[in-house]
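Hi,

Here is the structure I promised you. Have a look at it first, then read my notes below.

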Amino acid sequence: MTNFYITTPIYYVNGDPHLGTAYAEINADAFARWHRLLGDQVLFVTGTDEYGLKIAQAAAENGVTPQEWVDRTSERFRRAWGKLDISFDDFIRTTEPRHARTVQEFLSEIHRRGYIYKDLYVGLYCVSCEAYYQESELVNGRDCPVHGRPVTEMSEENYFFALSKFNDRLIELYESNPGAIIPETRLHEVLGFLRQGLTDVSITRSSIDWGVRVPWDEGHVFYVWYDALINYLTAVGYGTSQGTFDRWWPSVHHLLGKDILRFHAVWWPAMCMAAGIDPPAQFLVTGWMLVNGEKMSKSLGNQIDPLAVASELSPDALRYYLLRANGFGLDGDVSMESLYRVYNADLANDLGNLLSRVVALSMQKGGGVAPAVPEIGGDVLGAGPLVEAAVSAWNAFKPNDAIEHAMAIVRAGNALLERVEPWRRPALDPESLDALGRVREGLRLAAAILSPAIPRASAEILSRLGFGARGELRWTPEPGGAALEKGAPLFPRVVK
Ligand code: ME8
């Protein structure tokens, strides 16, 4: 039995879920669903990042305590993911006692091993990023490169993590294991950064209260990033359940946006090494969803509401669009216009139409029962190689390729029906029956491949076509005869 452990970033709760954070969830959910389909044991973990200055400030602005604030806002994330059919197995809130225990245990271990020391820190800090910047990284020598707002100078006595001691080991890790970061451009970015040389990083704050206490010095809390990354261990029982931990760690797949690559691919594996555990196996790094060329984020305020899209069309429509829009790892411009276009072309026309054609033709002319699936023979749909390619694409974390292969089967199905034209024939002759049986099987395979992207519609397709429990991911002849279901249009066309 293969284990598949996948995580998402845990989101700051100073705003609402938006299309960018939904994008990470939907990708991770699709991979989790794909591996469940393969029969793997899956652990899919997401959550919320609830400490840090930014959250404390948001609570103050809203006139409530930080805990009240995060209780309220974290719930909004959990509910939003429910509405997008995100099938997470665990939801970590960093203010939970189980997480504080893991953080304290893990960082105490690093402290005991001599990789944490005390020193004075002076630096330029962006509150929105919760990160210090070097002067050379600022825009106009003053503004945060991500948020475009001025950074502030902060100075405090901190504990430091001896990151520089892990420089060589990290380079070796990635040189000997280039598949550890997907896509490859991000691997090169990390190696380039590592080759410039690492400096030690400050990991505690004494100026704020809202964080996990440093167990050996109560006047300090851990810096929010150093607590947040550890959620990946909280979820697998680090320090509490060795059996669970050994089962899932270190073969984890961390999905994240390219904005937080260094925290994940540099700091985090170094921390693991310092604590004497293996570094995480793989990072899946997404690009950014852009609106008119700009990154969408809570702080910039140029949001598209994923929940509005999901309720206007369907969660499947949003999921399909985001997974299909552009290659995994690349930036992509998104807009409602292109969403409607893709929805109408792929889902309403190609997929929805093909399903209603097969069902309607079999009902009108074939007695309402499912046409038999013939032997694959000449494979006019090209289903054999397309399914194989789609399986490889999902396994290689390339949702848009997998979707493209499934849609090629669908398009071939429509083309076959247009060639045979069963609707022009008085009754279903052998050629029509062969075509309909092929299309029915092609739709079954396409629905299976598409199920991580459009789980609701896929289940509906299988049931309307009279397919029972989960079938094989390859062409499977069967005698037909099952009852078909007409149903309402799967993806009603939108007219704007
Ligand atoms: O960084 N396009 O949380 P966060 C694509 N709490 N993805 C986007 C996006 C966009 N426009 N905007 C955000 C944090 N994302 C930390 C993480 S993990 C231990 C701590 C996604 O709420 C993307 O995956 O700012 C990015 O990495 C993540 O949201 C950051 O969410």
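Strand β4 (residues 90-93) is covered on both faces: D90 and I92 on one side, and F91 and R93 on the other, are all buried (under 20% relative accessible area with a 1.4 Å probe, protein chains only; over 50% would be exposed, and in between partly exposed). Strands here are DSSP E runs of at least two residues, and helices are H or I runs of at least four, numbered from the N terminus. Keep in mind that this is a predicted model, where local features need pLDDT of at least 70, side-chain atom pairs count only at pLDDT 80 or more, and totals for chains, interfaces and linings use all residues. Residues are numbered from 1 along each chain as its sequence is written, and side-chain values use heavy atoms, leaving out hydrogens and water.

What does β4 pair with? Strand β3 (residues 41-49) runs parallel to β4, joined by four bridges (pairing takes at least two DSSP bridges). R93 in β4 is the bridge partner of T48.

Now the helices. R169, L170, L173 and Y174 in α5 meet A265, V266, P269, A270 and M273 in α10 (contact means heavy atoms within 4.5 Å). The axes of α5 (residues 167-175) and α10 (residues 261-274) come within 10 Å and cross at roughly 110° (lines fitted to C-alpha atoms over the stretch in contact, with angles from 0 to 180 degrees between N-to-C directions). The two helices, α5 and α10, are therefore roughly perpendicular (65 to 115 degrees).

Last, there's an open sheet of three strands in the order β15-β14-β16, with mixed pairing. Its edge strands are β15 (294-295) and β16 (332-333).

Cheers

Key:
Parallel < 35°, antiparallel > 145°, perpendicular 65-115°, else oblique.
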